[in-house]
Amino acid sequence: MDGVLVDVADSYRRAVVDTVARVHGETISRSTLQAFKDAGGFNNDWELTDALALYVLARSEGFDLCVEEFTGQIAASGGGFSGARSVVDDEMDAAARERIYAALDRDQLREVFQQLYLGSDKYREIEGAEPTLDENGYIHDETVLVERSTLDTLQSRFEVGVLTGRPAAEADIALERVGLDIPADHRFTMDDWAAGKPDPNALVTLAERFDADAVAFAGDTLDDVRTVVNAAEHDLGRIYYGIGVLTGGLTGQSGREKFEDAGADAVVESVNNLPELLE
């Protein structure tokens, strides 16, 4: 969904950066986010926010790894926030670790993130809590990447499903904006699937529900491709194709090469290239 059907550079990614700035007073460049995404395990932007905050707090305690070194070690430690925490635990002494984790309030980060992203009105509606910030919501700055003709062609010729790390309520908003009607049993959201990408269970389950012989899954992150690779290893009775889309954080020739190195079967400039590719 994100980076494929809708552009989230000025919504989710902006919310990550601005949340860390609001809570910890340090602005991280948006380009830094991609190094964390590439490390894997950060399909959930709340966890990405937590990891960036952890990095900022660790640096204030003398943590001297640059972003590339830090994210490289995160990848080697299994990815995600747990990987980030493992790296910090290995690099910092006990007293520094205690101060870092005492200052890391993941609940506060999530609340600020959701208020920035959703805006005050939708935060009140979706989260069921009174906002402490007065925000319009970055969610309104998401632009549609997919053309109506692309959706019409895909839905007329194929079974179409959605697998996203968004919470269900936020997925509904994006699907409505795009104009894509997907039955509940043909989509997976964060609310349906605790493990997240690159765990293959959701993709394999969708393939089973479609009774598909072959599945093509298009995404804008390396974890999308890794999900396909893992599904193919888990479900030997079907063919899985991983398709990298260059409208998210990975772009240009370097993005194409990263997708291919991760095991992508194809890389396209846009989701609107899918009908021709699938022919």
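Predicted model: local features only at pLDDT ≥ 70, side-chain atom pairs only at ≥ 80, totals over all residues.

Reader: How many helices and strands does the chain have?

Author: The chain has 13 helices and 7 strands, where helices (H or I, at least four residues) and strands (E, at least two) are DSSP runs numbered from the N terminus. Its radius of gyration, taken over C-alpha atoms, is 19 Å, close to the 19 Å that the globule rule gives for 279 residues, so the chain is as compact as a globular protein of that length; the rule is 2.2 Å times the number of residues to the power 0.38.

Reader: And what share of the residues counts as buried?

Author: Of the 279 residues, 50% count as buried, meaning under 20% relative accessible area, with exposed being over 50% and partly exposed in between (1.4 Å probe, protein chains only).

Reader: Switching to aromatics, how many pairs are there?

Author: The structure holds 8 aromatic pairs. One of them is stacked, because the rings of tyrosine 12 and tyrosine 117 have their centres 4.1 Å apart and their planes at 10°. For the cut-offs, rings of Phe, Tyr and Trp (its six-membered ring) pair if their centres lie within 6.5 Å, and planes under 30 degrees apart count as stacked, over 60 as edge-to-face and the rest as tilted.

Reader: Which parts does that tyrosine pair tie together?

Author: Tyrosine 12 lies in helix α1 (residues 12-24) and tyrosine 117 in helix α7 (residues 106-127), so the pair ties together parts that are 105 residues apart in sequence. Both tyrosine 12 and tyrosine 117 are buried. Elsewhere, ring pairs link Phe36, Phe42, Tyr55, Phe63 and Phe70 into a cluster.

Reader: Which arginines lie over the face of a ring?

Author: Arginine 14 lies over the face of tyrosine 138, at 3.8 Å from the ring centre, and arginine 110 lies over that of tryptophan 46, at 4.0 Å. A charge sits over a ring if NZ of Lys or CZ of Arg is within 6 Å of the ring centre and within 35 degrees of the ring normal.

Reader: What does its side chain reach?

Author: A polar contact of 2.7 Å joins the side chains of aspartate 224 and lysine 197, and the aspartate 224 side chain also reaches the backbone nitrogen of threonine 221 at 3.0 Å. A polar contact is a pair of N or O atoms within 3.5 Å; within protein, one must be able to donate a hydrogen and the other to accept it, and residues adjacent in sequence count only if both atoms are side-chain atoms.

Reader: And which residues does aspartate 223 touch?

Author: Not counting residues up to four places away in sequence, aspartate 223 touches Gly40, Gly41, Phe42, Lys197 and Pro198, with contact meaning heavy atoms within 4.5 Å. Aspartate 223 is found in helix α11 and, at 3% relative accessibility, counts as buried.

Notes. Residues numbered from 1 in each chain as written. Heavy atoms only, no water.
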